[in-house]
Amino acid sequence: MAFIPHTAADIDEMLTAIGVTSIEQLFEEIPPALRTRELAGVPPALNEMQVGRLMMQRALADGQPLSFLGAGAYEHHIPAAVWAITTRGEFYSAYTPYQAEASQGTLQTIYEFQTMIASLTGMQVANASLYDGASAFAEAVLMAVRLNRKSESLRVLVPRTVHPHYRLAARSITANQQLRLEELDYAPDSGRTSAEVLERYAGEDIAALAIQQPNFFGVLEDVDTLSQWAHSRSVPIIAIVNPISLGLLKPPGEWRGGADIVVGEGQPLGVPMSSGGPYFGFLATRMQHVRQMPGRVVGRTLDLAGREGFTLTLQAREQHIRRGKATSNICTNQGLLVTAATIYMSLMGPQGLARVAHASHERARELVAAITQVSGVRAAFASPYFHEAVVRLDRPVAPLLAALAKRDILGGLDLTGSYPELGHALLTCATETKTSGDIQRFASELRELLSSSG
Amino acid sequence: MQPQPEKLIFEYSRAGRGATDQWPTTAATPAAIPESMRRAQPPLLPEVSELDAVRHFTRLSQLNFSIDTHFYPLGSCTMKYNPKACNAFAMLPQFLARHPLAPESHGQGVLACLHELQELLKAVTGMQAVALSPMAGAQGEFAGVAMIRAYHRARGDHARTEIIVPDAAHGTNPATATMCGCSAREIPVGPDGDVSLEALQSAVGERTAGIMLTNPSTLGVFERRIVDVAAIVHRAGGLLYYDGANLNAILGKVRPGDMGFDVIHVNLHKTFSTPHGGGGPGAGAVGVSARLEPFLPVPIVAREADRYRWLSEVDRPQSIGRLSAFAGNAGVLLRAYVYMRLLGREGMRQVGECATLNANYLLARLKQTGFDAAYPERRASHELIVTLKRQARELDVTAMDFAKRLLDYGVHAPTTYFPLLVPECLLIEPTETESKETLDRFVEIMVRIQREAEQDAERVRSAPHTMVVRRLDDVRAAKQLDLTWKPTV
């Protein structure tokens, strides 16, 4: 079944109009030696009923465990209206809005999105999205280096409190640009990047500084101190932020001196976790930097009759115009997810977003209180946190998580691999989706497992 | 009936409004977060009821053309029907709810789908190994060129930093070369649409990392001497990269691996019908020959006995690394998987055949009705190019004018002004899911617009007339930047 409408009669008529007798003749320019005879390795077609059964079986096999995983992807309530509208055919099956007059729905949605993201981050302009938070961070690094022409070092300081996968992706994506991404250690008691650590770079030529807030440990960094350090040395700041947290926290535009480029993962804004994607990365910046910003941007303008309308603008930055000199090679981005996020932010508004942030913070405090009451579990850091925290255990994390998983609970992320210096450490998260009952269940299973094997 | 413009969502705001039933109930301020860290002013988000939000975005959607509502023959974009089943099954609640870092014990279902997708893509492309994580064609290209560089470096060859691209190439190709620290070297395409072998021969050498090609090419025709192209590049020590944007033309009929390509990307949002979504999300899965396999981006799904697991950096030390935080656009991959299962072996072949049939039918009918094909002596692939340079010269009516007037007739314009080589061009790709009547209607409309251009050119030049906006002032948009709404205090 290939969704082809043609009957044999249709095909005959069409072949006649072309002046050939068979479809094969249309492929005559292709050297015969290259033609595939039979596609080995592809099974025969299934119909929709059969595929439906298969997919249902597979979905059920994955189950729906009670999850306390965060670490860059967060479970939040998504109002039903968000995807009911986002999956309307007019949004779902529309193309990139190159023909503006036929795409005002998409273009206006993106303009509204840009407005919301710019305000949420405290910046002046935002683009129409990048692929995800990690690749957006990589693009921000490249953008910061382009902007900072005074610096010759190409050294970018990246705290270890930035998400490990973001650091890895940034390395891969900037690999051939002669940049040096240098990692900064965090203070072991607070789980934060400290001014002392930065001071080691005091007299040196640094191209940019990245700051993640909340950081990967869920801890709130002392952003004003870090920001001040960077500004006093004319080092551009790349802020990596959680958009839900911005309903509650001071946005990077208002950090002391302000951030220069803000990026982050937009998934918490109405996008399901879906095994890691599709998500979207957002990028916001100061107006003076807009011509170095990668990705699409929509502008409002007038039509021939003097009426307002929306169109893609500043396209000279992009690959289809600048080609080899483009700010990025990005073409297709994450349009459908931007639509969902814009609808989510419209339903929640400033009060709703603040409440989601508050409620998530409260649930996380309740979670940490409950599980640190279990003997063998203690909080790793004394600092304020947003909605996830690191706890230290008295025994290896992996077998414990496996045992919890057998009881259909995902306790969090084992940090042993990426932060071995923390010992047996677990990153655990609670959002507004967790009830007190959920938290009590987790704590009691944990207590049972930790007391059973001495 | 003229569609009505829709206000900005902010213009519906009233203080205190919101979809209050969707808000969690919480206590007041979080004392545990110091005030110095807290937001002083609320962000500029709408304060509207749920119904107002639903109406607003529903009305916005109605201002769009889409495949579900209009014929959308955008060349090189493959705007085929997006089956509803693909969306329905990818959005089963358990798939949606799964955290990317959930353990494999709670992921065998989705991992089985992804592994099988890897295998299916290998089979239809003729490549030895596949990675699914690149999130769009451009990221696939990045991965491909990065792998080519990694391959040469691993052999101790650091001089190879030139990527050859035909001058007709899509802009992402040279942009990708730059992102990978390479330079793009252009070679000309001949008048018959094939890459010039002579130019290629003089362009290759010790600095050649590889060549990026699309086949069928961006000119809508098959690169007939591809075997010679491959030989020339390989003999010079370079590798061949296949841009899969036009795979729909040859699906089930020719495999890029058999043409000699070393690395390819596939646009799942084109050939495998995942939604375009108003500009993504896409997926640019990459396939490689054996010699590039160690360099594939991570993560990749492996099957060991009858269990599936992710392979990441520790398992793949020579990988070019990861390109995203997690596994790429997993939900898109699930949609592509469903589509490939619905097509099956026979369906793949039917896609290639009918996409080509439809394009050749349109080519024949447009030629018969007096339009100029860019390559009249060639067979069309899955797309064809019509040039309106004669109309521009004789009637002062351009390809852009035709494109805008098509909108008034309820057809989304084809791709305009790409490829850059063909003046005043329309790159038209009908896809296999369109009926003969739709194609005939398109030809009728083109004939009508031609007549209008001859008799009332101004009507065409000032089109569209029936959309929610008239033609927009792009110059003003770039000069007087208005990129965010600001409240008038």
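How far apart do the C-alpha centres of domain 1 of chain B and domain 2 of chain B lie? In this predicted model, the distance between these two centres is 42 Å. Domain 1 of chain B covers residues 9–61, and domain 2 covers residues 85–343. Chain B also has a domain 3, at residues 350–475.

I now turn to the contact between the chains. Chain A contributes 163 residues to it, and chain B contributes 174 residues. On the side of chain A that touches chain B, the largest share comes from helix α11 of chain A, residues 335–372, with 21 residues. That side of chain A is made up of 84 nonpolar, 54 polar and 25 charged residues.

Next, let us consider two strands of chain A. Strand β3 of chain A, residues 155–159, runs parallel to β4(A), and 5 bridges join them. Within this pairing, Arg155(A) stands opposite Arg180(A) of β4(A). Between β3(A) and β4(A), the chain passes through helix α7 of chain A, residues 164–173, in a right-handed β-α-β crossover.

Finally, chain A holds an open sheet of 4 strands, paired antiparallel in the order β11-β12-β15-β14. Its edge strands are β11 (377–379) and β14 (413–414) of chain A, each of which pairs on one side only. Antiparallel pairing links β11(A) to strand β12 of chain A, residues 388–393, through 3 bridges. There, Val377(A) has Leu393(A) in β12(A) as its bridge partner.

Note on methods:
Residues numbered from 1 in each chain as written. Chains lettered and ligands numbered in written order. Predicted model: local features only at pLDDT ≥ 70, side-chain atom pairs only at ≥ 80, totals over all residues. Domains from an automatic or database assignment. Contact = placed C-beta atoms within 7 Å. Nonpolar A, V, L, I, M, F, W, Y, C, P; charged D, E, K, R; others polar. Pairing = 2+ DSSP bridges. Right-handed = clockwise from strand over helix to strand, strands pointing away.
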